[in-house]
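Please walk through this protein with the sequence and the model side by side. The account begins with a term, turns to one residue, and then widens to the whole fold.

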Amino acid sequence: MTKLMRIAIALMLWLGCALPAQAAVTITFWSHELGNSFPHSFFSLRGTIDANGTPVDANYGFTAKSVSPALLMGTVKGRLDISKPFYISTSDAQFSYVMSDAQYADILALVAAWDEKTGDARYNLNNRNCVHFVQEAARRLGLVGLDHPELMKKPRSYLKAVAQANADRVTIIGQNGKTYLASLPPLPAATAATVAAPAPTPQPPTGTSSSMSTTDS
């Protein structure tokens with residue numbers, strides 16, 4: 001081996017150690033089948049930002065701010081919802097998609113746009129519910145086959161339809177939350193205190209009971 005080759009190999013090894021490991025943030029789309037708990041669909045963000053290595057571990061859904069008969073009559077106040085670990089573990093992971101940093105930023109912009117403090121948080125059971133929220137997330141990712149008017153109150157069926165329409169672009173999961181979460185590798189950081197996704201103002205816990213339910217198939 002020549003001296004020049006040894007220098008080149010040493011340089012490559014040094015660069016491999018000096019540069020941070022590249023990763024990405026994965027968005028996972030979830031459905032929840034308990035009819036008296038909300039939201040029935042949401043997405044989680046998990047991974048590491050390519051640009052700076054910051055770990056991300058967050059989730060967002062959209063639901064009505066309060067559950068009442070007014071939901072059946074028109075538009076009411078809505079809010080972002082941060083699902084608790086138990087709620088996620090009892091939900092179903094339908095599919096995931098690995099995002100670029102630009103797509104991740106666009107998803108955060110969506111979150112801000114639907115947050116009652118920074119955007120428009122109107123909730124309407126027929127045209128601005130939790131399924132519409134995840135539909136908009138999928139649209140910003142460039143996924144196709146998103147228009148299913150007959151499924152906009154059927155979170156599981158809707159997400160399955162989107163997954164099938166994008167089978168060559170997404171990872172279809174189809175697992176219960178407990179199994180899926182157990183399969184995920186740990187994040188680089190020991191704590192989630194440095195997550196990059198801005199958390200909205202804490203809201204009441206997920207799982208508000210109501211006599212109203214969302215049907216699915």
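A residue is called buried when its relative accessible area is under 20%, exposed when it is over 50%, and partly exposed in between, with a 1.4 Å probe and protein chains only. The model is predicted, so local features need pLDDT of at least 70 and side-chain atom pairs count only at pLDDT 80 or more, while totals for chains, interfaces and linings use all residues. Residues are numbered from 1 along each chain as its sequence is written, and side-chain values use heavy atoms, with hydrogens and water left out.

Because its relative accessibility is 18%, H148 counts as buried. H148 belongs to the loop between α4 (130–140) and α5 (155–165), where helices (H or I, at least four residues) and strands (E, at least two) are DSSP runs numbered from the N terminus. Apart from neighbours within four places in sequence, H148 is in contact (heavy atoms within 4.5 Å) with Y158 and A161.

The seven strands form an open sheet in the order β6-β4-β3-β2-β1-β5-β7, with antiparallel pairing, where two strands pair if DSSP finds at least two bridges between them. β6 (122–123) and β7 (171–176) stand at the edges with a single partner strand each, so one side of each has no neighbour in the sheet. Strand β5 (residues 92–99) runs antiparallel to β7 and is joined to β7 by four bridges, and A93 stands opposite Q175 in β7.

Of the 217 residues of the protein, 42% count as buried.
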